[in-house]
Amino acid sequence: MGWWTVRILLVGAGGTLGSAVREALTGRGHEVIGVGRTGGDLICDVTDPAAVARMYAQAGPLDAVAVAAGDAVFKPLAELTADDVTATFRGKAVAQLELVRQGAGHVAPTGSFTLVSGVLTEEPIVAGAAASAANGAVEAFVRAAAIELPPRRINAVSPTVAEESLAAYGPFFAGMEPVPAARVATAYVRAVEGAQTGQVYRVR
């Protein structure tokens, strides 16, 4: 159990990583409000700023916001279109920035934000240029926002590919050692319950 209980909005709670994060946080006594695009405690397309505003109004007072999902297009650079790049930045970076921008008015002063980036920031792969760029944007934003949000904190979790996702993403991550989603979830616990800000917790 955690030494205190917080109320956490978890975006992507129904996914592979989100389910593990939810289990880890509820297992420590925290209250988790799951958000998904098609299901969950709250339904929201977080790429739509108006929908994000409605979600925060429905959620009520929060102590933390955590993100465990983000869409990205994987295509070789020669095939990547401007729309692919825009969709990746909207799904992986802009949506998370908007969750923080709007969420600062809904999260308690002692609260926190935990975003998600990924291994491709430092370990690029073929067909992953858009995802690498979006991940880098998320991490840069975390460092920048950390100087403006206090006393609220902000961090990111940067996982490698999860064992449970190998069937879908394994071919893209040849030679990279996967980790269990439950191990990635421990970094979310650290981000929510810890005291650091402006950090990227890398799970490799």
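Predicted model: local features only at pLDDT ≥ 70, side-chain atom pairs only at ≥ 80, totals over all residues.
1. Now try the word out on helix H1 (residues 16-26) and helix H6 (residues 181-193). Their axes come within 8 Å and cross at roughly 55°. As for handedness, H1 and H6 make a right-handed crossing. On the H1 side, the contact uses Thr16, Leu17, Ala20, Val21, Ala24 and Leu25. On the H6 side you'll find Ala181, Ala182, Val184, Ala185, Tyr188, Val189 and Val192. Sort the residues of this contact by class and you get 12 nonpolar, one polar and no charged.

2. Helix H2 (residues 49-59) and helix H3 (residues 82-103) have axes that come within 10 Å and cross at roughly 45°. H2 and H3 are therefore oblique to each other, and their crossing is right-handed. From H2, the residues involved are Pro49, Val52, Ala53, Met55 and Tyr56; they meet Glu98, Leu99, Gln102 and Gly103 of H3. By class, that contact of H2 with H3 splits into six nonpolar, two polar and one charged.

3. On to the sheet. In what order do the seven strands of the open sheet come? Reading across, the order is E3-E2-E1-E4-E5-E6-E7, with parallel pairing. At the edges sit strand E3 (42-43) and strand E7 (200-203), each of which pairs on one side only. As background, strands of a sheet pair through backbone hydrogen bonds, either parallel or antiparallel.

4. Strand E1 (residues 7-11) pairs with E4 in the parallel sense, over four bridges. If you want to find one on screen, Val11 has Val67 in E4 as its bridge partner. E4 is also joined to strand E5 (residues 107-116) by four bridges, and these two strands run parallel. Here, Val65 stands opposite Phe113 in E5, while the bridge partner of Ala66 in E5 is Thr114.

5. H2 lies across E1, strand E2 (31-36), E3, E4 and E5, running at about 150° to E1. Helix H4 (residues 129-145) lies across E5, E6 and E7, and runs at about 160° to E6.

6. Last stop: Ser158, which sits in strand E6 (residues 153-159). Why does Ser158 count as buried? Its relative accessible area is 0%, and buried means under 20%, so Ser158 qualifies. Which residues does Ser158 touch, leaving aside its neighbours within four places in sequence? They are Ser117, Gly118, Val119, Glu122, Glu139, Val200, Tyr201, Arg202, Val203 and Arg204.

Definitions and conventions:
Residues numbered from 1 in each chain as written. Heavy atoms only, no water. Axes fitted to C-alpha atoms, helices over the stretch in contact; angles between N-to-C directions. Left-handed = near helix turned anticlockwise from the far one by under 90°. Contact = heavy atoms within 4.5 Å. Nonpolar A, V, L, I, M, F, W, Y, C, P; charged D, E, K, R; others polar. Pairing = 2+ DSSP bridges. Buried < 20%, exposed > 50% of the residue type's maximum accessible area, 1.4 Å probe, protein only. Parallel < 35°, antiparallel > 145°, perpendicular 65-115°, else oblique.
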